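Welcome, and thanks for taking a look at this one. Please open the structure below and keep it in view as you read.

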Amino acid sequence: MSDSKKNDAEQDLMSKIVSLCKRRGFIFQSSEIYGGLRSCYDYGPLGVELKRNVKEQWWRSVVHGREDVVGIDASIIMSPKVWEASGHVTGFSDPLVDCRKCKSRWREDKLAEPKCPKCGGELTEARQFNLMFSTKLGPLEDDSATVYLRPETAQAMFVNFLNVQQAYRMKIPFGIAQVGKSFRNEIVVEHFTFRSCEFEQMEMEFFVKPGTDDEWLEYWKEARFNWYLDLGAAPDKLRLRRHEPDERAHYAKDCYDVEYEYPWGWDELEGVANRTDYDLAKHEKASGKKLSYFDPQTQERYLPYVIEPAAGADRAALMFLVDAYEEEPPSEGRKNGRTVLRLDPRLAPIKAAVLPLKKNDEKLVAKAREIVQEFFLHSVNAFYDEKDSIGRRYARQDEAGTPWCLTVDFQSLDDDTITIRSRDTMEQERISVDEAVKTVESKLRAKA
Ligand code: GAP
């Protein structure tokens, strides 16, 4: 395929995904009725469930599934001294260039050629543009009131290192994890939610004894890579890439990116970095508070090194959407093709759709509603749908990524059985109504 044809196909795939996101209620442009706001997005009823499931799976894997990691939920606005000490006030910037002709703005380090990608015009000299959003805390408008929206969740783990270690009597090696919003005034926002100004991070700082840091980096890069595989991402579209020395962040001794082959090419999903004692040392110096750890066994005192797996919830959700999207052509015995989201059931927004065969049959409707209530009682996210033909309802659930559809038909009224249809194989089997929730739960567990 020629390069331009490949680009068109990639564009086409992304626009189909964006359109499915809007049509089915995954993701909308923020403030759409006012023309939208650059790079800001709202998650709709299906999107919010998908992102919650991504975060839930991350938390299960990184926090609840282990003894040595605990969580926090810190404030988004922190003392500005945190960002001075961490180097963000002076160093968290991108090189910005302007086109002299059409006045558009670009990140110099993202340009393939030193000219405007839009009109070919000449560019200005680069100047550093700080990515942090600032605002004022309290009634004063002077500089002393300036605070920042956090550009990463990580710093809260560093400044709470001793609080958590002492309150929870954690022994090194141990980790502190957090999921929450971060904000960056990105110059280039691109590829739908991939790079936006407001996004959620899933980060964990793992404090280790210096000298053991290389092996822990190996451990976490593999663990994080396998998390994506386990949740169903295509193995041939995932890779681990070690950073070249000149692309590492100023604090990193070594770093790997988990990358995915998106429709526009290989790009970052998550970074796993060895941050050494950079942050703790900076905060110790700036705050004047000792942040070292005393090892009761060896009687040594030291500043721990830190291994940081830093992932993005929006980026992971987008990757899982892209990876799950499939257009199945018509086949023998099925004259219409279909669009299906083959999401891992653990990530699927709706686990089971409950469908009465006919909406104007009171008995079918009542039975279907009873079944859906059972799912609610067991906290399994189910959805009741009676509108349109059964075929159209199946098609809607395939597009929503719902792994199982349960249909109440006339036989159900006689023998208390229903059909369960698999999204992936489209095969149906009959199960008893009493077994409906248990069957879905055990299928979900089989994937977990
Ligand atoms: N604490 C380290 C750190 O923040 P990062 O590579 O800048 O490292 C970590 O960010 C992850 O956060 C990225 O791999 C990505 O998944 C997500 N992320 C970063 N900037 C983003 C943006 N502008 N929009 C969406 N996600 C972003």
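Here is a short briefing on one helix pair and on the nonpolar cores. The model is a predicted one.

**How the two helices pack**
- Helix α2 spans residues 45-64 and helix α9 spans residues 313-324; they pack at an angle of about 110°, and their axes are 9 Å apart.
- Since angles of 65 to 115 degrees count as roughly perpendicular, α2 and α9 are therefore roughly perpendicular to each other.
- The α2 and α9 crossing is right-handed.
- On the α2 side, Leu-50, Lys-51, Val-54 and Lys-55 make the contact, while α9 contributes Ala-313, Asp-314, Ala-316, Ala-317, Phe-320 and Leu-321.
- Sorted by class, the contact of α2 with α9 holds seven nonpolar residues, three charged ones and no polar ones.

**The largest nonpolar core**
- This core has 53 residues, and Phe-26, Val-54, Tyr-228 and Phe-320 touch the most other members.
- At least two core residues come from each of α1 (3-24), α2, β10 (198-208), α7 (213-230), β12 (254-262), β13 (265-276), β16 (305-312) and α9.
- With nine residues, α9 gives the most to this core.
- Val-54 and Phe-320 also belong to the contact of α2 with α9.

**Around Tyr-228**
- Leaving aside residues up to four places away in sequence, Tyr-228 touches Ala-233, Leu-238, Val-258, Leu-269, Glu-270, Ala-311, Ala-316, Met-319 and Phe-320.

**A second core**
- There is also a second, separate core of 28 residues, with Val-70, Phe-92, Phe-161 and Met-170 among them.

Methods. Residues numbered from 1 in each chain as written. Predicted model: local features only at pLDDT ≥ 70, side-chain atom pairs only at ≥ 80, totals over all residues. Heavy atoms only, no water. Axes fitted to C-alpha atoms, helices over the stretch in contact; angles between N-to-C directions. Helix = DSSP H or I, 4+ residues; strand = E, 2+ residues; numbered from the N terminus. Parallel < 35°, antiparallel > 145°, perpendicular 65-115°, else oblique. Left-handed = near helix turned anticlockwise from the far one by under 90°. Contact = heavy atoms within 4.5 Å. Nonpolar A, V, L, I, M, F, W, Y, C, P; charged D, E, K, R; others polar. Core = buried A, V, L, I, M, F, W, Y, C linked by side-chain atoms within 4.5 Å. Buried < 20%, exposed > 50% of the residue type's maximum accessible area, 1.4 Å probe, protein only.
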